[in-house]
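Please keep the structure in view while reading.

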Amino acid sequence: MAALCESFTLCGLGPSGGVGLGGGLLALEPGPDPDHILLTDRGRTATLFKVSDQKPLGCWSVKHGQIITCPVVCNFETHEYIAVHDDKVLRIWKDKDINLDKVFKATLSADVYRIHSLPNGGPVVLFKGGGVRTLDVLLEAPQQEIENIISDEVIKWSEAFMEGQQPVLIFATEKDGDFFIYVQKLKMNSLQKYKLEQQELSKPLRFTAYIKNQIITLLCLCSNDSMYKVLIPLQQNTEEEEQILSKSLLLNLSVSGSVLKGTSFVVLDKDYIAVLGSLAASDEESKECLTIWNTKFQTLQTSKELPLGTSGQLWCYEEKFFLTHGKVLTVIMYKCETSSLAAAVGKLKDSQTPDVSSFVNWSTLEDEELVVSFRSQQSVALKSESRMTLRSKRNAVAKVQPDTLSVGQLLLNLKDASITEFEDQLRQLVSKAQTPDFQATIGCVITALINRCKTNPKYYPRNLLLQIVQTRDLSYSLCPDLMAVALEKKDVRLLQVCLQRFPDIPEEITYACLKVFLSISEACLQSVDVDLESVICYIDIEFNNKEVKTEIVENGFSAELERDIWNTKTTKETRVTTDGELCPVGPQKAALLNAVLHSAYSETFLLPHLKNLPAQQAVLFLRYLYYLHVKCSEKINNALPGLHSPTIDQIMDWMCLLLDAHFTVLVMLPEAKELLSNIHKFVRAQVRFYSELNKMEGSLQELQRLNQQKYPQTYSIEVLELI
């Protein structure tokens, strides 16, 4: 069986999505590590991502006016990256390189269509005229003449793979409505050309291929909503006349009267194919979805609706689907097991295959299809009524208890329910024992709550949302609209919890939270229930309108604390510490800012957003960071007390980021002059202190060496002068 598993957001794609992919994706290629992928946008930029961390590792761009014209690939043998911009200019660089103007450059004599990188065969370059060269041969003489093989034909698709030690390249061309297939074996320098059998109303739209036992299997997605298979032997063609390849029907993309208009597809294994497209029944609005089909038994195995729309592109690496969904790049994991008839019709024991009821036209269901569309619990309830009329069956389905309904059906039934009933049912759903798809269920529950907030602006179930986020291990990608609504409502408590618990928050959202926290007044925060665990041990708190000085007492007692505890002046905007330094914010705002400091980020993608921070807010944030820096340096271990307190590394990183983003503005602001001077003096003093310690390191090591050489029985007193 095959099933779609959990999904998450890898990165944003919009103009402010963080990775500069506003023009859309050109392609996605595997990186040097199985957990790495290379994104190439339709413009100037290539980005390397680590999928498990959902963070970029590197980003490279060509100059303004230049355009990357084919997908960037990785040379798996040398761990170098290869790009072509403006059709003919080849660039090669490594991870450590930053400026592509300074990396290797070669101008070729012909336009490049695509570069394919093979794990054991090196990169292969396909030119638009049909000529093929390995990268090594091409670099020996970049200006070598490239033959034009295909004349007036246009290349539509290409792929490369290894057959033993032999690199094989296959590409498809079109001319006047006819399609041709070329197979190039590089080491033997042999080229085979075939003409694809043409059928009315079945024009090929997409291709993919794989090789096994010296036979290439070419799959074609055609305009008649069907998929065809073509077998191409690898042996040398000795005939001069052009051979015609016949197509055989592999799969009809239809189920229960609904037809899938496929836009792209990938092969998962010998029995399963994933197809991305729009599924619609007659007189119904089409819905974009990702589907997995069983070609052995001609069944739709599972599907996932994509309501925000896609670009029609689909990639698959390491049992993960990559596709655009709205303005983000989404990763959907899947699993494939041995195909069986029981799994194909949904009767496999303990099957977790998601239902596809949202795509099914219920008025046309037959007995078996009705059973397939529900989970195993519902199948048992419906099989005993197999002789009922269709109308009776639909009524019986409506009477099934909520506990046996799928999550999607339950949420659909609650769409028009009262607020009390709606929240009660969702609480029951969340409190159930965990199942393999429990995370997805929680994501659906939060999405339902957010959708209701959008349709009814006066409705905001803050307590329920807070309860779910605090008690469940969620991520931003499971409920991407949650923090957007919390920002709109300025629900700082919920934002604080999300920042503390979500590992994959985009930099744009992190910046938005920071801006809200800095802009909200201290008076408004006094009535907000903020978690103060991260600040209560080092920032003063108020008790009965008197300020209590919080001090870290190393031996459990402080005479100064006992003497001054009730004699400190009350202040609303600052908190006085034991060394006279002022904390520029109250404990509530400090706790919120600490949550931002703990959030994961990439400097490359956070910096552009930080530059938009208003100058006054930037100064306030920098004052707080400087205050934390001073507090950390008071103790030998350079650490703040308390739970979830920011580390010295986090504080320093954010200070550097803020100074990088606003240095010119801060230099011009009179109110920031003293702050910058204090930071400079403090850092300079620390550098001098650690420099003196480094001078002592050699002497201390020598002393340790001398002590190890002496007999432990010998008693002596030595005086060492450290110069």
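## Helices and surface patches

In this predicted model, helix H12 covers residues 507-519. Its 13 residues, at 1.5 Å a residue, should span 18 Å, and the end C-alpha atoms are 18 Å apart, which agrees with that expectation. The buried residues of helix H12 are Glu507, Ile509, Thr510, Tyr511, Cys513, Leu514, Val516, Phe517 and Leu518.

One of these, Leu514, can be compared in position with Phe621, a residue of helix H17 (residues 615-633). The two are 107 residues apart in sequence, yet their C-alpha atoms are 9.1 Å apart in space. Phe621 counts as buried because its relative accessibility is 0%, and buried means under 20%.

A negative patch is formed by Glu603, Asp649, Asp653 and Asp660. Helix H18 (residues 648-668) gives the most to this patch, with three residues. Asp653 has its place in helix H18.

A nonpolar patch consists of Phe689, Tyr690, Leu693, Met696, Leu700 and Leu703, which together have about 530 Å² of accessible area. Among them, Leu693 lies in helix H19 (residues 670-709).

| Residue | Relative accessibility | Class |
|---|---|---|
| Phe621 | 0% | buried |
| Leu693 | 39% | partly exposed |
| Asp653 | 43% | partly exposed |

Definitions and conventions. Residues numbered from 1 in each chain as written. Predicted model: local features only at pLDDT ≥ 70, side-chain atom pairs only at ≥ 80, totals over all residues. Heavy atoms only, no water. Helix = DSSP H or I, 4+ residues; strand = E, 2+ residues; numbered from the N terminus. Expected span 1.5 Å × (residues − 1). Buried < 20%, exposed > 50% of the residue type's maximum accessible area, 1.4 Å probe, protein only. Patch = residues over 30% accessible without salt bridge, like charges linked within 9 Å, V, L, I, M, F, W, Y side chains within 5 Å. Areas by Shrake-Rupley, 256 points an atom, 1.4 Å probe, with all protein chains shown as cover. Salt bridge = Lys/Arg side-chain N within 4 Å of Asp/Glu carboxyl O. Lys, Arg positive; Asp, Glu negative; His and termini not counted. Charge placed at Lys NZ, Arg CZ, Asp CG, Glu CD.
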